[in-house]
Protein chains: 2
Amino acid sequence: MNTIRKILIIGAGRSASSLIKYLLDKSESENLQIILSDISLESAQEKIGNHPNGRALKLNIFDEVARKEAIKQADIVVSMLPARFHLGVAKDCLAFGKNMVTASYVSKELRELDEAVKSKNLVFMNEIGLDPGIDHMSAMQIIDRIRDNGGKLLLFESFTGGLVAPESDDNLWHYKFTWNPRNVVVAGQGSAAKFIQEGKYKYIPYQKLFRRTEILSIDGYGKFEALANRDSLSYREEYNLQDILTLYRGTIRRVGFSKAWNIFVQLGMTDDSYTMEGSETMSFREFTNSFLPYHPFDSVELKLRSYLKIDQDDILWEKLEELDIFNPNKIVGLKNATPAQILQKILMNEWTLKEDDKDMIVMLHKFGYEYKGEKKQIESSTVVIGEDQTFTAMAKTVGLPVAIATLKILNGDIKTPGVQIPTSKEVYEPILNELADNGIIFTEKKVPYLGYNPDTING
Amino acid sequence: MNTIRKILIIGAGRSASSLIKYLLDKSESENLQIILSDISLESAQEKIGNHPNGRALKLNIFDEVARKEAIKQADIVVSMLPARFHLGVAKDCLAFGKNMVTASYVSKELRELDEAVKSKNLVFMNEIGLDPGIDHMSAMQIIDRIRDNGGKLLLFESFTGGLVAPESDDNLWHYKFTWNPRNVVVAGQGSAAKFIQEGKYKYIPYQKLFRRTEILSIDGYGKFEALANRDSLSYREEYNLQDILTLYRGTIRRVGFSKAWNIFVQLGMTDDSYTMEGSETMSFREFTNSFLPYHPFDSVELKLRSYLKIDQDDILWEKLEELDIFNPNKIVGLKNATPAQILQKILMNEWTLKEDDKDMIVMLHKFGYEYKGEKKQIESSTVVIGEDQTFTAMAKTVGLPVAIATLKILNGDIKTPGVQIPTSKEVYEPILNELADNGIIFTEKKVPYLGYNPDTING
């Protein structure tokens with residue numbers, strides 16, 4: 001059969017590069033046409049290039065007629081839109097009987113389509129990027145294996161981070177923005193982070209989040225630290241871990257990042273809830289001074305050191321100076337900006353990837369379990385380094401699982417219908433195998449059980 | 001003329017005692033009938049007693065017919081309802097041509113009635129309790145005087161607090177609840193506190209609010225501390241202080257309260273944004289432990305001391321122990337409670353006024369100004385001690401200005417129409433005089449100008 005199968009991708013964002021490349025590379029052998037649609041035709045054209053099996057399409061998703069027409073003509077639809085726009089696409093896919101793939105969290109509204117999706121025998125695959133996505137698949141593979149062998153899960157901890165690759169790591173924070181900087185600046189705000197340790201519920205409020213890190217270590221890459229995510233407990237349901245004693249999810253940074261970031265938190269610089277007076281003409285120094293008590297003589301530097309009890313020879317201090325937050329000549333230049341927006345601007349001066357910089361994705365899972373009366377632990381990790389500024393580690397780890405899932409659904413290799421996430425063996429097994437072929441490889445090792453039990457901890 | 005004038009009071013809350021007493025005491029000489037209405041007839045009856053000029057009325061304010069009827073028959077209406085319910089009452093007052101008095105902040109919707117209120121020549125007086133209320137009047141009297149004499153305001157700082165009277169002060173926190181405990185527990189949350197010092201905008205986030213106190217001193221009552229209110233800058237408009245260099249409003253506590261309260265803030269115990277698992281059967285000790293890292297051996301006490309770096313011989317520690325937050329036998333007993341609700345319950349065990357306890361209201365204003373090239377400063381303060389648990393300082397300072405204003409509006413002594421707050425001389429002058437007759441007396445003293453200028457501060 002030689003019928004061309006049309007894959008409609010909606011949204012030509014940053015993570016689309018690896019997704020598109022994978023599908024274009026397979027387009028000859030698999031008889032594919034890739035239609036990349038975006039509100040900006042130029043953006044779509046630039047990303048799809050001159051490939052004979054690629055086509056750029058200008059599409060405004062709020063133009064219902066055009067959207068329905070594009071979806072109707074496709075064989076499968078990949079929505080890379082911001083999560084809040086998936087629902088309209090999903091309803092059209094349902095109406096025209098098309099399978100659909102997204103990398104976003106399943107919304108309540110999308111989940112409610114499950115029955116209808118099943119009745120039409122369709123696959124709506126979600127949360128199949130990096131996190132959520134690769135984390136689900138790589139964790140569930142080991143969780144299922146432990147359970148299939150008769151083991152009982154005691155502990156599951158899972159950590160992911162987008163960082164700068166060691167070869168491009170040239171600042172004191174060991175950090176650069178590899179994804180949406182705004183999300184980094186406001187990370188952790190809102191309700192307390194919630195998790196369980198040895199059956200005890202634990203809550204960390206924002207003002208302490210960056211002082212409650214865990215230290216991690218990955219062979220060949222050294223030490224990292226992790227700070228708690230807000231939503232650890234939702235994974236009890238999703239991974240069927242209802243009785244687990246320890247469940248913790250965290251975000252990975254290089255050691256020392258959080259202690260320094262906490263300075264911004266304590267000053268109030270990450271606040272996104274109000275706008276500052278005169279932000280447009282404010283200097284970086286004035287911005288910093290806004291959070292310190294008034295004094296007629298004392299310098300901003302001395303006030304800050306005294307306020308937050310920072311020694312002048314502390315590395316923390318050098319981290320602040322590196323960001324130039326005391327500079328009286330650099331101007332914010334943002335109208336009616338919140339502290340968080342201003343901080344983001346200051347950080348982007350220093351933490352934007354340079355042309356030759358590479359990013360790095362780090363993921364680490366810890367599984368503690370009991371098997372035949374013995375406590376055991378497995379650690380599984382992957383580190384992915386970006387190739388360049390187009391095929392970043394982030395674009396690969398988000399785009400490849402989406403692309404692989406799309407083709408496997410199109411080919412009927414993944415076929416169990418419903419609104420779903422990749423936690424079933426039918427889905428994760430073939431995708432993880434192909435991710436490994438593409439260099440996203442998890443390394444497993446056995447370690448002594450490191451839980452938090454009296455039996456295993458001294459003192 | 002002997003016509004009886006009817007004053008309708010809606011809402012027989014805690015602050016109504018002094019209000020009712022004042023009006024009943026005047027009812028003979030002034031020909032008044034006081035109709036105290038409440039959703040609970042018993043509550044109204046209990047408060048109005050058997051006074052021949054008093055009448056209790058059961059009134060559900062959501063029963064539109066009954067509400068309109070009650071308002072129609074009154075000569076003036078005092079709404080002591082929660083602020084969000086004033087608007088319905090105000091619209092009826094407008095329709096039936098009745099003057100109205102409230103102790104609440106003017107809402108945007110209420111302000112929008114201003115034109116209509118003026119066109120009917122009505123007085124809708126608001127913010128005429130303690131704070132807002134007495135603060136407006138006592139500050140504006142001095143601000144107007146300084147300006148009328150040709151002085152130029154440089155600094156206005158204003159502080160109010162509801163505390164326990166010295167004779168009933170028997171705990172280490174020097175604090176008891178004299179008003180709504182919930183407001184105390186969640187105080188300061190949300191956007192940063194914002195004010196100006198020497199022309200510089202300053203912002204304090206919640207996580208630092210309780211570490212940025214100012215020390216105050218009031219003759220005969222010793223030292224206090226103040227923490228910044230959220231809304232200082234709105235007073236520029238209201239008091240016509242647009243060019244002022246320093247503007248700060250704060251809440252008064254006894255010295256040391258805030259440093260200890262900050263422990264709750266840092267732990268996350270004041271958070272009202274999520275509910276805790278198993279709150280109903282949780283012990284006070286388990287509640288405290290929820291905010292600390294898990295450890296198989298270390299005690300909750302040691303973990304807390306280490307986490308927040310509290311020495312074991314620090315008075316902070318005794319303050320925590322006094323509240324019994326480490327007790328494993330006291331049970332929270334609240335279903336699906338937020339940390340803030342649980343903390344409130346714990347505090348109410350210790351900080352509820354006992355039968356013989358008296359409360360205390362403290363208010364202090366600082367006015368810095370320039371007069372004929374010289375910088376001067378005035379401090380004005382009042383301290384009011386409650387008589388008992390009925391005629392508390394809070395009830396007096398909220399209820400008396402409301403009562404006095406009501407009678408003066410009824411008698412036509414206050415007559416400039418409109419939706420207003422008591423910042424004009426016509427209003428504050430006679431009311432402050434009569435408050436003084438009732439024991440609410442401001443003491444003024446001249447002090448050296450204490451601004452924050454290079455000229456006046458050393459080092």
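Two strands are said to pair if DSSP finds at least two bridges between them, and helices (H or I, at least four residues) and strands (E, at least two) are DSSP runs numbered from the N terminus.

## Basis of the description

The structure is a predicted model, in which local features need pLDDT of at least 70 and side-chain atom pairs count only at pLDDT 80 or more, whereas totals for chains, interfaces and linings use all residues. Residues are numbered from 1 along each chain as its sequence is written, chains are lettered from A and ligands numbered from 1 in the order in which they are written, and side-chain values use heavy atoms, with hydrogens and water left out.

## A hairpin in chain A

Strand β10 (residues 214-218) and strand β11 (residues 222-228) of chain A pair in the antiparallel sense over five bridges, and Ser217(A) stands opposite Lys223(A) in β11(A). Three residues lie between β10(A) and β11(A) in this hairpin, and Gly220(A) in the turn has a positive phi of about 90°.

In a regular strand the side chains alternate between the two faces of the sheet. On β10(A), the covered face carries Glu214(A), Leu216(A) and Ile218(A), while Ile215(A) and Ser217(A) belong to the uncovered one.

## The interface of chains A and B

The contact (heavy atoms within 4.5 Å) takes 42 residues from chain B and 42 residues from chain A. Between them the two chains bury about 3700 Å², 54% of it on carbon and sulfur atoms; buried area is the accessible area (1.4 Å probe) that two parts lose on being put together, summed over both. Of the area that chain B buries against chain A, 21% is supplied by Tyr203(B), Glu277(B) and Tyr294(B), more than by any other three residues.

Across this interface the rule finds two salt bridges, each defined as a side-chain nitrogen of Lys or Arg within 4 Å of a carboxyl oxygen of Asp or Glu. Lys194(B) forms a salt bridge with Glu277(A), with the closest N and O atoms 3.0 Å apart. β9(B) gives the most to the side of chain B that touches chain A, with four residues.

## Pro181 of chain B

Pro181(B) is found in helix α8 (residues 181-186) of chain B. Pro181(B) counts as buried because its relative accessibility is 10%, the term buried meaning under 20% relative accessible area (1.4 Å probe, protein chains only). Leaving aside its neighbours within four places in sequence, Pro181(B) is in contact with Arg14(B), Gln344(B) and Met348(B).

Definitions and conventions. Buried < 20%, exposed > 50% of the residue type's maximum accessible area, 1.4 Å probe, protein only.
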